[in-house]
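Please look at the sequence and the predicted model below.

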Amino acid sequence: MKKIFNPASVRRPFGHYNHGLLVPPGASLLVTSGQLGIGPDDTIPPDVTAQAELCFEAVKAILEAADMTFADVIRVSGFVTRREDFPAYMAVRDRYTLDPKPVSTLLVVGGFTRPEFLVEVEVTAAKVV
């Protein structure tokens with residue numbers, strides 16, 4: 001069981017995430033590469049919501065291949081190219097993440113390998129085996 005840390009001496013989280021999670025000894029750890037908003041057929045949707053959904057669907061497939069689910073995710077790192085895309089990205093993130101909510105970081109970046117990419121997501125997951 002993961003233990004949540006949101007100390008009273010630290011401002012409460014801005015969104016649906018926790019400041020810290022402690023994973024028990026013996027947990028299996030999975031770290032993903034950043035997943036971009038591109039489909040298996042190389043299509044890239046023009047909006048951040050659809051791209052974020054592709055990112056999280058790719059993460060879901062990786063988790064399933066490792067016999068894990070979003071319940072095992074302990075950290076989400078999101079990267080967007082436009083500050084105005086925060087709400088759309090966070091809405092998608094919040095639909096996929098489960099309780100206890102993982103820790104989360106969201107950064108605005110100058111761009112990705114191709115200009116049409118608007119978002120990238122990577123996760124860390126841990127499961128007691």
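Which residues does Leu63 touch, not counting residues up to four places away in sequence? In this predicted model, the contacts of Leu63 are Leu30, Met68, Thr69, Phe70, Val73 and Ala125. Leu63 is also one of the buried residues of helix H1, and in the largest nonpolar core, which has 21 residues, Leu63 is among those that touch the most other members, together with Phe56, Tyr89, Val119 and Val121. Two or more residues of this core come from each of H1, E5, helix H2 (86-96) and strand E7 (119-128). H1 gives the most, with six residues. In soluble globular proteins, nonpolar side chains tend to be buried together.

With 18 residues at 1.5 Å a residue, H1 should span 26 Å, and its end C-alpha atoms are 26 Å apart, so the two values agree. At the start of H1, the backbone nitrogen of Thr49 has a side-chain oxygen of Asp47 within 3.4 Å. Besides Leu63, the buried residues of H1 include Val48, Ala50, Gln51, Ala52, Cys55, Phe56 and Val59. The buried residues of H1 pack against strand E3 (27-31), strand E4 (35-36), E5, H2 and E7. After H1 comes Asp67, with a positive phi near 60 degrees.

The chain then runs through the loop between H1 (48-65) and strand E5 (73-80), where Thr69 is found. Thr69 is partly exposed, because its relative accessible area is 43%, a value between the limits of 20% for buried and 50% for exposed. A polar atom of the Thr69 side chain lies 3.1 Å from the backbone nitrogen of Ala71. Thr69 and Val59 are ten residues apart in sequence, and their C-alpha atoms are 9.4 Å apart in space.

Ring pairs join Phe56 and Tyr96 with Phe70 and Tyr89 in a cluster. Elsewhere, Arg11 lies over the face of Phe14, 4.1 Å from the ring centre.

Notes: Residues are numbered from 1 along each chain as its sequence is written. This is a predicted model: local features need pLDDT of at least 70, side-chain atom pairs count only at pLDDT 80 or more; totals for chains, interfaces and linings use all residues. Side-chain values use heavy atoms; hydrogens and water are left out. Helices (H or I, at least four residues) and strands (E, at least two) are DSSP runs, numbered from the N terminus. Buried means under 20% relative accessible area, exposed over 50%, partly exposed in between (1.4 Å probe, protein chains only). A polar contact is a pair of N or O atoms within 3.5 Å; within protein, one must be able to donate a hydrogen and the other to accept it, and residues adjacent in sequence count only if both atoms are side-chain atoms. A nonpolar core is a set of buried Ala, Val, Leu, Ile, Met, Phe, Trp, Tyr and Cys residues joined through side-chain atoms within 4.5 Å. Contact means heavy atoms within 4.5 Å. Rings of Phe, Tyr and Trp (its six-membered ring) pair if their centres lie within 6.5 Å; planes under 30 degrees apart count as stacked, over 60 as edge-to-face and the rest as tilted. A charge sits over a ring if NZ of Lys or CZ of Arg is within 6 Å of the ring centre and within 35 degrees of the ring normal. The expected span of a helix is 1.5 Å times one less than its number of residues.
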